[in-house]
Amino acid sequence: MLRPGRETADLVFIVEHVGLDVDFHHPQGRNLKLADSAVEAFEQHRENAEIFVQHSSGLRFSCDEMLSWFLLQTGTTLGDHLPPHTLENSGGQVMLTVPVRFVPGMFFMATEAGETDLSALNLLCKITITARNG
């Protein structure tokens with residue numbers, strides 16, 4: 001499966017989703033708790049739990065798909081978001097927070113207040129940098 005922004009001419013980036021921080025278009029903002037179902041899905045299937053829903057299509061997205069969507073929207077690779085010195089360490093690992101911002105009506109999540117629009121999502125990722133073979 002092709003994953004946008006996961007490689008450069010010389011490097012491949014392997015992503016492990018380790019956490020997320022969410023803010024909502026809601027009076028409680030970042031203090032609004034996720035619904036138990038969203039928390040459980042993320043804890044059981046961090047990469048593939050489809051806990052984000054796009055308003056316009058009803059399509060559900062996982063953390064990994066949100067990262068791909070962000071990289072496509074910004075026209076960047078993970079290498080563009082890493083400190084330059086880390087790109088010299090193929091085989092190294094680095095932690096990365098990917099900040100994604102949303103206008104109301106773009107994506108929502110299940111919260112204790114029901115379906116609530118996302119304002120901001122910080123994807124917390126561990127990136128393993130490997131040399132591209134070939």
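Me: What should I know about the model before reading it?
Reply: It is predicted, so local features need pLDDT of at least 70 and side-chain atom pairs count only at pLDDT 80 or more, while totals for chains, interfaces and linings use all residues. Residues are numbered from 1 along each chain as its sequence is written, and side-chain values use heavy atoms, with hydrogens and water left out.

Me: How is a pair of aromatic rings described?
Reply: By the distance of the centres and the angle of the planes. Rings of Phe, Tyr and Trp (its six-membered ring) pair if their centres lie within 6.5 Å; planes under 30 degrees apart are stacked, over 60 edge-to-face, and the rest tilted. The whole structure holds four aromatic pairs. One of them, Trp69 with Phe102, is stacked, at 6.0 Å centre to centre and 10° between the planes.

Me: Where in the chain do Trp69 and Phe102 lie?
Reply: Trp69 is in helix α2 and Phe102 in the loop between β4 and β5, 33 residues apart. Helices (H or I, at least four residues) and strands (E, at least two) are DSSP runs, numbered from the N terminus.

Me: Is Phe102 buried or exposed?
Reply: Buried means under 20% relative accessible area, exposed over 50%, partly exposed in between (1.4 Å probe, protein chains only). Phe102, at 5%, is buried, and Trp69 is buried at 17%.

Me: Which residues form the aromatic cluster?
Reply: Phe61, Trp69, Phe102 and Phe107.

Me: Which residues have the most contacts inside the largest nonpolar core?
Reply: A nonpolar core is a set of buried Ala, Val, Leu, Ile, Met, Phe, Trp, Tyr and Cys residues joined through side-chain atoms within 4.5 Å. Here the largest has 34 residues, and Phe52, Leu121 and Ile127 have the most contacts inside it.
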